[in-house]
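These are my notebook entries on one structure. I record what I looked up, in the order in which I looked.

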Amino acid sequence: LSTVTYRDFLLTGEDEPFYMGRWFDKDIEGNPHKVTLTDGAHLYFLIENAASFDVTFTVITTGEEPYFAYSIDGAEPVRQHITEPTVTLPDTGRHTVRLIADGMTEGEGKWDQEKGFAIRSVTPAEGGSIVGIKPTEKVVFFYGDSITEGIRALNMNATSDGNSATNAYSWQCAETLGVTPYLVGYGASGLIMTGSFSTMLNAIDYLSDGRPVDDSVTPDVIVINHGTNDGGQSRKKFEEALDSTITRLQEKYPDTPIVYLIPFNQAHARIISEKLKDTANIYVVETKDWSITYTDGVHPDAAGAKAAGEQLAAALVEIFGEDYFKN
């Protein structure tokens with residue numbers, strides 16, 4: 001353990017994990033749960049004196065059941081099906097754990113039916129204990145569509161088997177920078193299109209239809225990657241949606257810089273660049289010359305997402321400076 005490099009955390013003092021991302025409390029079958037409808041939402045805890053721990057999931061999806069991922073002491077995430085809820089630890093010493101809602105099946109009725117991940121409890125093996133830990137890194141919000149949430153990152157299936165948030169460009173960018181990602185990505189959505197959730201404008205304020213976002217988390221940077229699914233919309237409609245979306249973001253987070261990542265397929269690229277390039281506290285990142293590999297010509301594969309994430313991280317460092325993302 002003396003060779004392990006830990007991230008910077010604060011102890012919460014609670015004997016339950018610290019949840020980061022778009023989680024909310026909900027009673028299911030008479031029992032309290034933490035629920036998220038968003039791939040990439042995650043949680044943290046410190047565990048000791050246990051050889052393993054169990055995550056009690058409740059299945060609330062109608063399609064193929066989700067996958068979660070876990071990272072022990074900052075190691076690369078390991079994916080596991082929620083029907084296999086036991087995680088074995090390297091030993092019974094002290095370990096940091098990061099658990100991620102990694103992959104749901106597309107089109108689950110997230111907006112109107114609240115289909116997603118539901119966690120009832122995280123329980124250490126007998127004799128063990130856990131305490132919540134909160135990361136102290138800067139927080140970056142990533143608003144986007146299926147590309148932001150890692151749809152088809154692993155294969156051609158737009159199901160939990162092929163979808164992986166930890167293999168999305170957004171997650172890879174955050175790992176490269178050493179920041180905490182807060183993903184707000186929903187397949188086929190956009191500034192105009194609702195897709196599997198709703199428009200970005202609604203996603204800013206709502207976790208699902210009628211359920212407000214918890215405003216306790218304030219981003220240090222906001223990254224937007226929308227437009228891919230709005231490619232068939234008129235210039236006028238897209239401009240109107242862009243104006244209303246940016247205005248709402250600035251109202252909600254007036255001091256937070258916004259970075260607009262041009263869609264990889266260059267949909268509405270000219271409009272985005274023209275309207276935002278000279279706007280205070282808003283930056284446009286061009287992507288037309290990026291080298292990205294794809295699963296299907298639209299969705300980056302795991303290697304392509306890693307490359308895109310690293311290129312975005314470099315662009316953000318160029319904008320904000322070498323020290324901006326350091327604690």
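Which side chain meets that of E240 in a salt bridge? I found that K236 does, with 2.6 Å from N to O. I took a salt bridge to be a side-chain nitrogen of Lys or Arg within 4 Å of a carboxyl oxygen of Asp or Glu.

Before going on, I noted that this is a predicted model, in which local features need pLDDT of at least 70 and side-chain atom pairs count only at pLDDT 80 or more, while totals for chains, interfaces and linings use all residues. Residues are numbered from 1 along each chain as its sequence is written, and side-chain values use heavy atoms, with hydrogens and water left out.

**Entry on helix α5**

I placed E240 and K236 in helix α5, where they lie 4 residues apart and are therefore separated by about one helical turn. Helices (H or I, at least four residues) and strands (E, at least two) are DSSP runs, numbered from the N terminus. An α-helix has 3.6 residues a turn, so residues three or four places apart point the same way. I then looked up accessibility, where buried means under 20% relative accessible area, exposed over 50%, and partly exposed in between (1.4 Å probe, protein chains only). K236 counts as exposed at 58%, and E240 as partly exposed at 43%. I also noted one network, in which salt bridges that share partners join D205, D215, R248, E251 and K252.

In α5 (residues 235–252), R235 and E239 are likewise 4 residues apart. They form a salt bridge whose closest N and O atoms are 3.0 Å apart.

A search of the whole structure gave me 19 salt bridges. I looked up the one between D102 and R79, at 2.8 Å from N to O. This pair links distant parts of the chain, 23 residues apart: D102 is in strand β10 (residues 95–103) and R79 in strand β8 (residues 78–81). D102 is buried at 0% relative accessible area, whereas R79 is partly exposed at 23%.

**Entry on strand β6**

With which strands does β6 pair? Two strands pair if DSSP finds at least two bridges between them. I found β6 (residues 52–57) antiparallel to β9 (residues 86–88) over 3 bridges, with F53 partnered by V87. β6 also runs antiparallel to β11 (residues 117–124), joined by 5 bridges; there T56 stands opposite S121.

**Entry on helix α3**

I found 7 of the 9 residues of α3 (residues 169–177) buried, so this helix is largely enclosed by the rest of the structure. Among the buried residues are W171 and L177. G178 follows α3 and has a positive phi, near 75°.
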